[in-house]
Amino acid sequence: MAYHNLRDGDAVLTDDGFIFYVFGYEHPPDSHHVFLRYIPERHKEHFDLEWLDLGWWMKGAKIVRPMEIYTPESYHEIIEALRRAFPHYLQYSRQLDRWMITVP
């Protein structure tokens, strides 16, 4: 993945088909802090979340969105699911003393 000059609110499509939104302006040197917004439906089973009844098509794949994204419970579940199945999207922040979702 190669992203340059990303700003708060930019959308990022990864090689795995996830769509993340960049947040903030302070990022580690080799990545950007992001929130998960949409995932390919084929990865839904990795996440113990409720999903919107809607779905969208992008590049031949159906994408879905969690019903709640920004609650502490859903954020924790997203972190855990990424840790289990997609750990390359996680980075520990010593400054914040917690795991952050990032795109490399």
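User: Why is His33 called buried in this structure?

Analyst: This is a predicted model, in which local features need pLDDT of at least 70, side-chain atom pairs count only at pLDDT 80 or more, and totals for chains, interfaces and linings use all residues. Residues are numbered from 1 along each chain as its sequence is written, and side-chain values use heavy atoms, with hydrogens and water left out. His33 has a relative accessible area of 10%, and buried means under 20%, exposed over 50% and partly exposed in between, with a 1.4 Å probe and protein chains only, so His33 is buried. His33 is found in strand β3, a strand being a DSSP run of E of at least two residues and a helix one of H or I of at least four, numbered from the N terminus.

User: What makes Glu77 count as buried?

Analyst: Its relative accessibility is 14%, and therefore Glu77 counts as buried. Glu77 lies in helix α1, residues 72-85, and touches His46, Phe47, Asp48, Leu49 and Arg84, leaving aside residues up to four places away in sequence, where contact means heavy atoms within 4.5 Å.

User: Why is the pair of Phe18 and Phe86 called edge-to-face?

Analyst: Rings of Phe, Tyr and Trp (its six-membered ring) pair if their centres lie within 6.5 Å, and planes under 30 degrees apart count as stacked, over 60 as edge-to-face and the rest as tilted. The centres of Phe18 and Phe86 are 4.8 Å apart and their planes are at 80°, so this pair is edge-to-face. Phe18 is in the loop between β1 and β2 and Phe86 in the loop between α1 and β6 (90-93), 68 residues apart, and both residues are buried.

User: How do you know that Phe18 and Phe47 tie together separate parts of the chain?

Analyst: Phe18 lies in the loop between β1 (11-13) and β2, whereas Phe47 lies in the loop between β3 and β4 (56-58), so the pair ties together parts that are 29 residues apart in sequence. Ring pairs also link Phe18, Phe20, Phe47, Trp51, Phe86 and Tyr89 into a cluster.

User: What makes the charged end of Arg83 sit over the ring of Trp99?

Analyst: A charge sits over a ring if NZ of Lys or CZ of Arg is within 6 Å of the ring centre and within 35 degrees of the ring normal. The charged end of Arg83 is 5.1 Å from the centre of the Trp99 ring, and is counted as sitting over that ring.
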